Amino acid sequence: MRAALTVAEEAAGRGDVPVGAVVLSATGELLAAAGNERELTCDPTAHAEVVALRRAAERLGTWRLDGCTLVVTLEPCTMCAGALVQARVGRLVLGAWDPKAGAVASLWDVVRDPRLNHRVEVVSGVAADDCSRLLQEFFANHR
C-alpha cells in the first residue's frame with residue numbers, strides 16, 4: 001500500500017485525484033504502478049487501476065492477470081471493478097472505501113458477483129486512514 005500511496009501523491013502533484021494502484025505478481029514482484037492520469041492524458045478511463053492493469057498486462061505479455069494482486073488506495077468504481085474481473089485478477093487490496101462510487105461493497109459488489117465468470121478475493125481497510133487523509137487534503141485544497 002505504501003507504493004500505491006506514493007503514486008497517488010505523485011498524481012496529486014500534477015492535479016489528478018490522488019488515487020494510486022500497483023499490481024503484484026503471484027510471487028509478489030511489482031509489475032506496474034500508476035496514479036490517476038485523467039487530467040494528465042485527458043482520458044476519462046485513465047483511473048489508476050486501469051492504467052496499472054494495462055502496464056502489468058503489457059509487461060507480462062497477456063491480458064490474463066491470474067494470480068496477480070491489485071493494491072489500490074480507494075475502492076474501485078464500476079469501470080475499474082469490471083476491469084479487475086475481466087483481467088482475472090486474483091486479489092484486490094484496498095485502502096479507503098468510496099461510499100459515493102465504490103463497486104466492491106459500498107454501492108455494488110462487482111468483483112464478487114456470482115453471476116460473472118470470475119470473482120476476486122478482497123482485502124479491505126489497509127492503511128485506510130492514510131488513504132482517506134490524502135484524498136481529504138486534496139479536495140480541501142481544491143474547493
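Guide: Buried means under 20% relative accessible area, exposed means over 50%, and partly exposed is anything in between, using a 1.4 Å probe and protein chains only. This is a predicted model, in which local features need pLDDT of at least 70 and side-chain atom pairs count only at pLDDT 80 or more, while totals for chains, interfaces and linings use all residues. Residues are numbered from 1 along each chain as its sequence is written, and side-chain values use heavy atoms, with hydrogens and water left out.

A salt bridge here is a side-chain nitrogen of Lys or Arg within 4 Å of a carboxyl oxygen of Asp or Glu. The structure holds eight of them. One of these joins the side chains of Arg 2 and Asp 130, at 2.9 Å from N to O. Arg 2 belongs to helix H1 (residues 2-13) and Asp 130 to helix H5 (residues 128-141), so this pair ties together parts that are 128 residues apart in sequence. Helices are DSSP runs of H or I with at least four residues, strands are runs of E with at least two, and both are numbered from the N terminus. Arg 2 is exposed, at 54% relative accessible area, and Asp 130 is partly exposed, at 27%.

Another salt bridge links Asp 109 with Arg 112, again given as 2.9 Å, N to O. Asp 109 is partly exposed at 30%, and Arg 112 is partly exposed at 34%.

Arg 115 and Asp 113 also pair, with 2.5 Å from N to O. Arg 115 is exposed at 73%, whereas Asp 113 is buried at 14%. Elsewhere, shared partners join the salt bridges of Arg 2, Asp 130 and Arg 133 into one network.

Asp 98 is buried yet forms no salt bridge; Lys 100, the nearest side chain of opposite charge, is 7.3 Å away. For charge, Lys and Arg count as positive and Asp and Glu as negative, while His and the chain ends are not counted. Asp 98 sits in the loop between strand S4 (91-96) and strand S5 (121-123). A polar atom of the Asp 98 side chain lies 3.2 Å from the backbone nitrogen of Ala 101. Setting aside neighbours within four places in sequence, Asp 98 is in contact with Leu 74, Glu 75 and Ser 106, where contact means heavy atoms within 4.5 Å.

Note on methods:
A polar contact is a pair of N or O atoms within 3.5 Å; within protein, one must be able to donate a hydrogen and the other to accept it, and residues adjacent in sequence count only if both atoms are side-chain atoms.
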